[in-house]
Structure formats: C-alpha cells, structure tokens
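Have the model open and follow along.

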Amino acid sequence: MVVAVATAVCGSVLTTLLASTAGAPPVGALLATILGAAIPPLIATAGPFHAVRLYGAVLAAAIGLAIAYGGFSVTYVVSGEKPKNLPLPGEAKGSGHSSGKSGGSVLTESGKEPGIEVSPDSVELTCVGRGQGCLKTVTLKSTGDVPLRIGNIVAESDGVSVAAEDCAHKEFAKGANCTLALWLVAEGAPTRVVIHQNLPGKPSYVRVSRPSGPSSPPVTSPEVTPS
C-alpha cells in the first residue's frame, strides 16, 4: 500500500507540472492531477485477487491525490503567492488578465483574483504638518473576486509620513475600502508611497509631489578693489 500511495503521489505531481508547463487551464491541470494519481495504482491491479487489488488501488489513488493536492494548497497558503498549477480552494474561477492605468487621478489594477483601486494615485503636499489643507487622504478599494490582502505601506522618503493603520495588514472583501493619510514632514524631491498587496507583480504606488525646498542665495564674486 505504501508503494502504491507513493507512486500515486509521484504520478499526480508529475502530471500536474507537465500540464501546467504545457499551458493547460486550471481545470485541465486538475484533471491531469487526478489521472496521474489514478493510473499507477490501477496498473498494479492485474493478477490474482483482482477485486482486492482494485479496492486497494482506488484507496491508494485517493490518498495520493489528497497528498499531492494538499501539498500544492499548503505551499500556496504559506507563501501567499498566486497558485500556478491547480485551481486551489477559493482560487478556482479560471484565468484572466491584469490591467493597469496610471497618470490620472485613479489607479486601478484588476485581475482574475484580487484587485485594487487607488484613488487618487498621486497627491501634492504643499505644507508641513497635519493642519487643514496640509493633510491628504488616499482611498484603497478592493475590486477583485477574492479578498484583497494589504501588507506593509511605507513612504520611500523620510520627508513624508503615512498613517496606514486603517489599511495595513488587513484583508478586504470586494467593494470594501480603507483610507490612508499622508502629510509632509520635510521638503524635498518627489517620492512615492509603496502599498504591498497580494496582486501578481509589483506593489501599488501613490506618487507624492512636494516643495523642493528654499532656493539657495545666488553666489556673487567678491568685489576686488584695485591696489
């Protein structure tokens, strides 16, 4: 039985990887996984006591499939990455595409799974502090078919502060949103606020423009008096 289960696991993993490499859709990869788990034990049913062998083969195939599928599922859950081989629990709606839009007041990234809308995707901080007119807010909205998970939210410059307690390290169902608060600490060059999330690819960003700082006084040559 142990050998039969081992061959079922190996066959299941191998056919899953081959189907994924060949570009099969998630459902096709799942069918390949099932066949890979079933075929090796069934081959061993030839011979005497066929009924007993068949029962054992079916049991071994089921155990092997559970181990292989569970292994892929655990790997996905632990890594937090998008599944690459199988339609895992909560991720089985098929493939799609990701799109992005930048340069306007709203940045939207949506795909086959989670999606995020950052509004606005750029802000201008004109004065130091959190007083009226100085503090800016940005809304993050979940737009995908599965929950949006937001991780760290950090400014790339110490001259900009972000209050992200409402959003960071939280999960949002489709349509739910949260708000960031940004304010200027020090003048300087344009920078960005980085929003780490569970979309495939790069993080999301908020572009931040701010005063470049007081200009330096002009340098004048010392007056030279003739001797």
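Predicted model: local features only at pLDDT ≥ 70, side-chain atom pairs only at ≥ 80, totals over all residues.

L59 is partly exposed, with a relative accessible area of 35%; here buried means under 20% relative accessible area, exposed means over 50%, and partly exposed is in between, with a 1.4 Å probe and protein chains only. You'll find L59 in helix α3, residues 50-79. Helices (H or I, at least four residues) and strands (E, at least two) are DSSP runs, numbered from the N terminus.

Residues are numbered from 1 along each chain as its sequence is written, and side-chain values use heavy atoms, with hydrogens and water left out.

Now step back to the whole chain. It has 3 helices and 10 strands, and reading along the sequence gives the pattern α-α-α-β-β-β-β-β-β-β-β-β-β. Of the 227 residues, 33% are buried.

What does the largest nonpolar core look like? It has 23 residues, and those with the most contacts inside it are L140, I150, I153, L180 and I195. A nonpolar core, by the way, is a set of buried Ala, Val, Leu, Ile, Met, Phe, Trp, Tyr and Cys residues joined through side-chain atoms within 4.5 Å. The elements giving two or more residues to this core are β2 (115-119), β4 (136-142), β5 (148-155), β8 (177-184), β9 (191-197) and β10 (204-209). β8 gives the most, with 4 residues. Take I150 as an example: it lies in strand β5 and counts as buried at 4% relative accessibility. I150 and P203 are 53 residues apart in sequence, yet their C-alpha atoms are 9.8 Å apart in space.

On to the charges. Side chains of opposite charge can pair when their charged atoms come close. A search of the whole structure turns up 3 salt bridges, a salt bridge being a side-chain nitrogen of Lys or Arg within 4 Å of a carboxyl oxygen of Asp or Glu.

Start with R207 and D121, whose side chains meet at 3.5 Å, N to O. R207 lies in strand β10 and D121 in the loop between β2 and β3, so this pair ties together parts that are 86 residues apart in sequence.

Next comes K174 with D145, with the closest N and O atoms 3.6 Å apart. K174 sits in the loop between β7 and β8 and D145 in the loop between β4 and β5, so the bridge links parts 29 residues apart in sequence. K174 is exposed at 56%, and D145 is partly exposed at 44%.

Then there's E156 with R192, where the closest N and O atoms are 3.0 Å apart. E156 is in the loop between β5 and β6 and R192 in strand β9, so parts 36 residues apart in sequence are tied together. E156 is partly exposed at 45%, and R192 is partly exposed at 32%.

R192 shows up again with a ring: its charged end sits over the ring of Y205, 4.0 Å from the centre. That label requires NZ of Lys or CZ of Arg within 6 Å of the ring centre and within 35 degrees of the ring normal. R130 likewise lies over the face of W183, at 4.0 Å from the ring centre.

Finally, two backbone spots are worth a click. The peptide bond from S119 to P120 is cis, with omega near -5°, and P120 is in the loop between β2 and β3 (122-124). H169 has a positive phi of about 60° although it is not a glycine. H169 sits in the loop between β6 (160-163) and β7 (170-172), and counts as exposed at 59% relative accessibility.
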